[in-house]
Amino acid sequence: MEVKTLKKEESKTGTSIRVSGAEAVIHCLLAEGIDTVYGYPGGAIMPIYDELFKFKDELHHVLTRHEQGAAHAAQGYARVSGKVGVAMATSGPGATNLVTGIADAQIDSTPLVCITGQVARHLLGSDAFQETDIVGISTPVTKWNYQITHASEIPEVIAKAFYIARSGRPGPVLIDITKNAQFEEFDFKYQKCTAIRSYTAKPTISQLKIEEAAEAINNAKKPMIVWGQGIILGKAEAELKAFVEKTGIPAAWTILGASALPNTHPLNVGMVGMHGNYGPNILTNECDVLIALGMRFDDRVTGDLSTYAKQAKVLHFEIDPAEINKNVHADVPVLGDVKESLEAILPLLKENKHEAWHNEFKEKYKIEFDKVIKNDLQPEKEGLTMGEVIEQINIASKHEAVIVSDVGQHQMIACRYAKFNTSKSNITSGGLGTMGFALPAAIGAKMGAPKREVVAVIGDGGYQMTIQELGTIFQTGVPVKIVVLNNEFLGMVRQWQQLFFDKRYASTEMTNPDFIKIAEGYHIQAKKVTKREDLATAVEEMMASPDAYFLEVQVEKEDNVFPMIPTGASVSDVRLS
């Protein structure tokens with residue numbers, strides 16, 4: 001069938017053309033620069049898929065094996081590329097299967113546009129076959145959503161959807177399109193959205209607040225930076241580096257902020273949070289000025305709010321006014337785009353070293369190394385640890401791989417020990433903690449950054465939640481590297497059961513299938529490692545493969561992740577064992 005390239009060009013120039021609603025959707029996506037869509041067809045979205053077929057040389061559709069996989073793949077694509085990810089599904093169960101990925105994208109500020117089909121307008125509210133109120137269901141977990149019932153609405157609504165998804169604090173948008181609207185014809189003309197009345201994407205920066213923050217930083221004796229994903233979303237990596245180097249302030253990160261500053265940078269003092277590094281957690285309650293950059297004071301970062309940084313003056317650089325004073329009181333709130341805010345404050349800051357203060361972080365690191373890190377990376381026990389697997393990936397990838405981790409113990413180990421030279425390298429489910437995220441997200445990440453090595457690090461539990469996406473890898477040939485750290489447990493839950501429930505391992509031990517045979521069934525090269533002497537060679541072989549590769553590593557069954565801040569405890573109560 002002839003591909004309608006001329007109409008694509010017409011849509012870019014703004015020329016009016018007569019098209020169906022379904023074809024209009026394709027023109028809108030092309031006008032927004034979209035080249036990849038993840039999804040799963042069905043009856044209510046069939047007209048759009050029919051047009052996708054006609055435009056298949058211009059718009060690549062990736063058929064995932066489950067709609068949740070489509071949403072996570074779109075997330076991985078968006079997170080690593082910096083573009084808007086697109087996922088599509090039919091009505092009813094197709095749409096509801098997207099919801100977990102949408103909720104994940106909402107709490108992690110990932111720009112998605114999700115398009116769902118819907119029953120015809122005259123059937124709405126009649127409990128028609130595969131009718132579900134996806135607008136009502138998704139309202140709490142989207143930045144914006146809208147149901148289109150007439151074809152003429154499509155250009156304006158989709159233009160608005162992309163603008164809302166990518167602007168300000170990014171997030172997911174859902175557009176539900178009734179089947180009649182997909183068939184209807186109208187005169188199509190596309191104009192990108194650049195502003196919406198009553199929607200302020202970026203607050204205006206207050207020069208007064210910038211000056212207040214600069215004065216507090218310049219007078220601080222023990223200042224500390226905690227940066228989050230806002231640095232990456234705001235493309236402020238260079239400004240962060242200039243900020244820490246000029247001021248000499250020790251800088252720590254949340255898990256979604258990882259990779260914005262290379263791990264090897266001398267002022268990068270590690271990760272904060274429940275399984276973060278000992279020094280930045282303990283010293284949060286000893287600093288005199290806490291500078292929060294593009295982070296939201298999640299409970300896994302703060303622990304007990306009644307004891308969190310009460311001695312410090314808190315400076316909160318944030319684009320979303322809803323986050324100011326939500327969890328932690330900001331003495332100096334600096335609203336605005338973090339890149340622009342850092343650019344504004346840099347000339348006002350004095351050069352400093354804070355050597356004595358930085359030495360306190362080094363001393364705490366030595367304690368953590370002796371009690372935790374050495375045992376994770378250089379174990380004396382016979383069984384393999386998750387940490388040494390991550391270390392071998394670091395060596396084989398020369399710190400340049402994109403690490404896509406699932407949720408659980410392996411996630412915390414990956415975030416603690418993966419080393420990054422390049423931003424947008426740590427892709428994981430942060431706020432929602434979605435098991436099953438990594439495998440489909442890694443597919444999207446590899447497609448979003450085809451020249452980079454992408455390694456999915458997954459536990460045996462989370463892997464089986466979306467294991468069907470091996471079919472997507474087989475069909476597309478995307479060369480994702482998959483590492484399953486198999487401890488035959490739902491490890492993180494088991495750790496809590498051990499520490500807080502007297503080792504009552506209720507429903508956490510896993511009886512697993514033969515993962516190697518399953519991978520080979522999808523024609524993916526596979527290997528299993530059970531001995532330390534085989535690990536380095538196996539990882540090197542995996543990384544050298546030009547194709548997809550599955551590596552299962554049998555690790556210690558009852559290893560725990562430390563440091564650990566027990567739920568509800570203070571960051572000062574971090575445990576090393």
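This briefing walks you through the overall build of one protein chain and then a few of its residues.

The model is predicted, so keep in mind that local features need a pLDDT of at least 70 and side-chain atom pairs count only at pLDDT 80 or more, while totals for chains, interfaces and linings use all residues. Residues are numbered from 1 along each chain as its sequence is written, and side-chain values use heavy atoms, with hydrogens and water left out.

**The whole chain**

- You will find 23 helices and 20 strands in the chain; these are DSSP runs numbered from the N terminus, with helices being H or I of at least four residues and strands being E of at least two.
- The radius of gyration is 24 Å, close to the 25 Å that the globule rule gives for 577 residues, so the chain is as compact as a globular protein of that length. Here the radius is taken over C-alpha atoms, and the rule is 2.2 Å times the number of residues to the power 0.38.
- Along its principal axes, the C-alpha trace spans about 70 × 60 × 40 Å.
- Of the 577 residues, 60% count as buried. Buried means under 20% relative accessible area, exposed means over 50%, and partly exposed is in between (1.4 Å probe, protein chains only).
- Among contacts between residues at least 6 apart in sequence, 76% join residues at least 24 apart; a contact means heavy atoms within 4.5 Å.

**Surface and charge**

- The accessible surface of the chain comes to about 22,400 Å², and 51% of that belongs to carbon and sulfur atoms. The areas come from the Shrake-Rupley method with a 1.4 Å probe, and for residues only the protein chains shown count as cover.
- The chain carries 58 positive and 71 negative side chains, and the centres of the two sets lie 3 Å apart. Lys and Arg count as positive and Asp and Glu as negative, while His and the chain ends are not counted. Each charge is placed at NZ of Lys, CZ of Arg, CG of Asp or CD of Glu.

**Buried places to look at**

- Helix α17 (residues 409-417) is largely enclosed by the rest of the structure, because 9 of its 9 residues are buried. Among them are His410, Cys415 and Arg416.
- Lysine 481 lies in strand β18 (residues 481-486) and is buried, with a relative accessible area of 1%.
- A polar atom of the lysine 481 side chain lies 2.9 Å from the backbone oxygen of serine 545.
- Leaving aside neighbours within four places in sequence, lysine 481 is in contact with residues including Glu453, Met542, Asp547 and Tyr549.

**The loop between β5 and α6**

- Aspartate 127 is found in this loop, between β5 (112-118) and α6 (134-138). Its phi is near 60°, a positive value in a residue other than glycine, and aspartate 127 is exposed at 72% relative accessible area.
- Alanine 128 lies in the loop between β5 and α6 too, but counts as buried at 16% relative accessibility.
- Not counting residues up to four places away in sequence, alanine 128 touches Val119 and Leu123.
- The C-alpha atoms of alanine 128 and lysine 364 are separated by 62 Å, and the two are 236 residues apart along the chain.

**Other backbone details**

- Lysine 235 has a phi near 55°, a positive value in a residue other than glycine. Lysine 235 is found in the loop between α10 (230-233) and α11 (237-247), and is exposed, with a relative accessible area of 51%.
- Phenylalanine 562 and proline 563 are joined by a cis peptide bond, with omega about 0°. Proline 563 is found in the segment after β20 (549-554).

Terms used. Polar contact = N/O pair within 3.5 Å; in protein donor to acceptor, adjacent residues only side chain to side chain.
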